[in-house]
Amino acid sequence: MLCGIALMLTWITLIMPTFAYSADLVVPKPQIAQDKGFEISLDKDWVIVVSTTQQKYNFSASWLKQKLNDSHSLNLSVVNFNDAPSSKRIILGNPQEHDFVKSLVTEKSIILPPSIGNEGYVLNIFNSPRQEIIIAANAPNGIFYGVQTFLQLINGKKVEGVSIIDYPDHHIRAVDVHYFRDSQIHGKPPGFTQEQKDSIDKLAGLKINAISLYTGKDFCENSPDYTQAYQEMAEYCKERFIDFIPGIGTLRSIAWVPFYLIEGWWVKDEVFRFGSDGLAVPQKPPMNLLKNGGFEEGHSTKAESDKWKIIGRIAIDHTRAFQGFSSLRIDKGRAVLDVTVEPNSYYHLSAYAMGSPPVISLAALDTFGRTLYGQSDYTKDSVLKWRKFGVVLRTNSQTSKLRVILTGKTKKNGAVWIDNVKLCRVSGALQNVIRTSTTDIRVTSIDKTVTYREGIDYKILNGQTSKKYDDSLRPFRIVRLKKGNIAPGQRVLVSYDCVLYWSRTHWYNQPPCVSDKRLYTQYYCPAIDRVIEALNPKIINLSSDEIRGFNRDSRNKKRGLSNARLFAEWLNKINRYVKSKDPNCRVMIWDDMVSPYHNGGAEDGQLKYGGSSGRMAEAVEQDMIDKDIIMNIWWYSNRYLSAMVAATSFFNAKGFNYFGAPWDDVENIQSWSELLLSQPQALGGFATNWGRNDFPAFADHFWNVGSETVYFSSFEKDQDNNGVPDGWYYAGDKQNAKENLIQNSSFENGLSNWKIRTGKVDIDSTVYHKGHKSVHFYSKSSKDSSISSDFIPIKPDTDYVLSAWAKANNIVIGTAGWHKLFMGARFYDRNKTRIKNIYPDLGMDAGTYDWTLFKTTYHSPNNAAYFRISRLGVIGTGTGEGWIDDISFSKYEPPAYSIEGRDMQGATGFFRCAVSIKGVSNIIHSDFIPVKPNRKYLLSAYINPTTTFY
């Protein structure tokens, strides 16, 4: 259950009595229940006694009356305290407000401990000297929750005699609901239905006290038709002691804003030329880069002849096609095609597919064929008719090729058919352009000294626009005006923002433009005004999780703000507007985009969506965000328990309140409830609902945690930099030094064990890192200055570390990114034949720098027998001067202990959460952990052994 180590504390029998059978079935389970050893029967002579003049208490009596009648055919009367009979009475009241109840609890020696607060209650069933049931509490919601427990104690018409003291461990127990979603999708005013009322009643019965509902665009509509249902629902919830948390204007979706407020993809300085017809034509037109994406060429029966790399059972199918005569049928496996592309450009992949769920993917590769990032379009279910799929990917400066991958979901049975595959560079397509006063098509001279004017130098022929990008949209056109300043045949630079979103399946998952003032004046602010006026909420949920494509629009990028600064500006602006309307209302967001343990910790997380690099977590780390904003920390499944621990500690330290948000997994729900129990800044739990959720389990664990977790230090920090996690102590053997497999690695013996490969190479006795010598390379032109090593025997299927110290003087990169100071290496089989497509290289930085260590790790192939540095020096068309010293190639030995999850042998999916122990003599022990007397303790940890333990 736990990643890391934890102590689980549970009440022992002397402190918490054993649950009676009936009380044990109550959800959520009461804190303390005592079986009295008898049962009583309910009949029509029983009455419900309450302060009938106080609606806040009378509601619970009415609820009890209705439920008894519906479920047990008992139609009981509700009477005031003055009319209470002497026996067979169910008494609901507050001793602090109702003298009748006060005298009863005194007579019966019933104590309401301070721990019950306003939501707790005491429930006592008596058989003598008279039959009566007393539910007493400090507030109306406590009475209401006592009624929910009592209703679950009834078996037929019998009730077991019990004494219960109950209260919640967590203050807020919120759930996410999806009411009104259909009306939002279809753009119709919602209606508050009986089905939704029944759902809320069930949540109230589980003692849920808050629900969150995304209102979509409804509160942006200036019409009471769109707000009436929310008002009705909020009132309905309030009667049942449920706070309503409305969600407005999520930053992850453009479904609620118009086209012109979508954050566009900035096409910057694309070269166009004006033709004889006056139309501007892109120098790099958006032509299809695939020659046989329809699988028609030669009517072949095997896909291999069409230059796709085939893995698995795949063939050309002449019996089924979207267009033409053939399609690609995939029974199992995938088809792959690599296409050379340009860096810093937008590419669109489209295909038609059907069958057992198809997956269309596009991946960016660097010059060594390594995957940088990628995107996919897919469905969860089978597609019965031909359907168009597509993705858009922005290449970065490292991208050399794009890899097209066609496949199906591996866990589904059945074939997939794919046809009409196209890959186009769309930077110059002028499709789906955003034209507003804040961003428009901009035409300048090639040297950028002249900005041409629309209506004087050129005119725009508008194309089609759509939130759902499609490569068939009619493009925009730029037409030269004869009397203007643009000459026939002139080349110009064109810049514009357009909507290109990456996936047909999730086209709405992209942010609105936060730098456009109209996003606030026309949408956020009016919506907030209406929400506060209509609902008077305590919390407004801005959601804003899993943002894809942030800070890519020219309206944002021209401001020069980091991702974190731009996000914080948006959030603070809305938060402060909410505070200006209601100082008691708070703003909440999902935490992932500002958490260093989640999406916010990714430096390049936005790049594959066309956005800017930069860690959004800096918004919290550098105190950019208002401290009264609530963070909703979501982690699903206990695989991420260490991240849950780290995130709560992080937001605690930064002074934020937060929720813990589980989903679906009961173990995860339990862990969240335990983890949050002792956290000073935690507000409670927030159960998410993405189609399925065990709300009874959530209600149970967040009302009555039943245990307490004391966490050891989670191996995250090593502030004294001694190699041992803080809070832990090492008591084992030291490791032996690793053997360097390279002979004469410091060139103290000149070029022994090395051969000059190309150009001029010498040994320098005046410049070195250690010892007395280094190897010196110098190249003025495209001729290499390089050496190569001997063959080095190695083991297959083994990790090796390659490193070298380098010093550089004016190293300039040549025509390829690896043409510079560089170490190229290869693996060889036992016949000393090079193993293809594996490049264990080590590139050094360009420019001028002093001695710097460059280091990387590679895994030897299964058939590897030798390793060799095949070229070391100033390579290819690179130029400049460089020195290399102290080269090392050694078998990777994991440390005896590690605070990095990646160093765990064979472990996957852990997030900086584990400690790795190697060998029986390597031991670490913890600090002393404070415990409490008279408790049971269970020590638990996740262990991933790589050998047998005895």
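In the predicted model, Leu328 lies in strand 16 (residues 327-340); strands (E, at least two residues) and helices (H or I, at least four) are DSSP runs numbered from the N terminus. Leu328 is buried, with a relative accessible area of 0%, where buried denotes under 20% relative accessible area, exposed over 50% and partly exposed in between (1.4 Å probe, protein chains only). Residues are numbered from 1 along each chain as its sequence is written. Because the model is predicted, local features need pLDDT of at least 70 and side-chain atom pairs count only at pLDDT 80 or more, while totals for chains, interfaces and linings use all residues; side-chain values use heavy atoms, without hydrogens and water.

The protein contains 14 helices and 46 strands, and 55% of its 950 residues are buried. Of the contacts (heavy atoms within 4.5 Å) with a separation of 6 or more, 77% join residues 24 or more positions apart.

A nonpolar core is a set of buried Ala, Val, Leu, Ile, Met, Phe, Trp, Tyr and Cys residues joined through side-chain atoms within 4.5 Å. The largest such core has 128 residues, and Phe150, Leu542, Phe567, Trp570, Ile625 and Met631 touch the most other members. Helix 8 (residues 518-535) supplies the largest share of this core, 10 residues. Apart from this core lies another, of 34 residues, including Val339, Ala364, Leu402 and Leu423.

Helix 2 (residues 55-72) and helix 4 (residues 140-153) pack at an angle of about 15 degrees, with their axes 8 Å apart; axes are lines fitted to C-alpha atoms, for helices over the stretch in contact, and angles run from 0 to 180 degrees between N-to-C directions. Helix 2 is therefore roughly parallel to helix 4, a term for angles under 35 degrees. Among the residues making the contact are Trp63 and Leu64 of helix 2 and Phe144 and Phe150 of helix 4. The residues of this contact divide into 11 nonpolar, two polar and two charged, with Ala, Val, Leu, Ile, Met, Phe, Trp, Tyr, Cys and Pro counted as nonpolar, Asp, Glu, Lys and Arg as charged, and the others, Gly among them, as polar.

Helix 12 (residues 641-653) and helix 13 (residues 666-677) pack at an angle of about 30 degrees, with their axes 11 Å apart. In this pair, Leu641, Met644, Val645 and Thr648 of helix 12 meet Asn668, Ser671, Trp672, Leu675 and Leu676 of helix 13.

Definitions and conventions. Angles under 35 degrees count as roughly parallel, over 145 as roughly antiparallel, 65 to 115 as roughly perpendicular and the rest as oblique.
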